[in-house]
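Please keep the model open while you read.

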Amino acid sequence: MELTFIDELLAEAEVAEAERKIELDKLRADQLLQTIGVIENKMEEVNHLATEEIKIIEFFRASELGKLERQRSWLAWNLEQYIRSTNEKTIRLPHGAIKVRQAREKTVVSNMENFLLVAGKNGLLRHIPESYEPDLQAIQQHIKRTGNIPLGVSVITGESKFSYDVMKGGETIGNGEN
């Protein structure tokens, strides 16, 4: 039987594979296990070193970001002081805009017992099966309509909020609020 070219290649590959195998006996097997242990120890050292480096980098990152945040916050505070001194609501600038917006008033039932004395006859309660609770929208409408604040209700004036937009590459990016 004549060997084909493919058969010769397969035979050569088997011989090469056999030559690559390590001749094992108990002594050689033990040496291989020892070598594996040394490699695993080196792997643990690399992981430990990487973990320590990551901690150092994270500390550096937090420190630098803290410094930058304090600088940003100080600059934003100065912008807020400036716009409040001008009594303008919005100032558009080449690198962005600064704004002051008035928040809505907030209506809060501060004393439920006093409120319930007047709420029923003024239609300020919302009926939910098994209970009644203040209808804050109806209360706000009542205050706007009559100018009277019902007993047990407090109105908290909305605070003005400062914000800014920064222009980057011709587009408004993000919204900073303090």
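1. The count of salt bridges comes to 6, where a salt bridge is a side-chain nitrogen of Lys or Arg within 4 Å of a carboxyl oxygen of Asp or Glu. Please bear in mind that this is a predicted model, in which local features need pLDDT of at least 70, side-chain atom pairs count only at pLDDT 80 or more, and totals for chains, interfaces and linings use all residues. Residues are numbered from 1 along each chain as its sequence is written, and side-chain values use heavy atoms, with hydrogens and water left out.

2. One of the pairs is Arg61 with Glu58, whose closest N and O atoms are 3.7 Å apart. Both sit in helix α2 (residues 26–86), 3 residues apart, so about one helical turn separates them. Helices here are DSSP runs (H or I, at least four residues), as are strands (E, at least two), numbered from the N terminus. Arg61 is partly exposed at 48% relative accessibility, and Glu58 is partly exposed at 42%. The classes are buried under 20% relative accessible area, exposed over 50% and partly exposed in between (1.4 Å probe, protein chains only).

3. Arg84 and Glu80 also form a salt bridge, with 3.0 Å between the closest N and O atoms. These two are 4 residues apart in helix α2, about one helical turn. Arg84 is partly exposed at 31% relative accessibility, whereas Glu80 is buried at 15%.

4. Which residue does Asp165 pair with? Its partner is Lys99, with the closest N and O atoms 2.9 Å apart. Asp165 and Lys99 are both buried.
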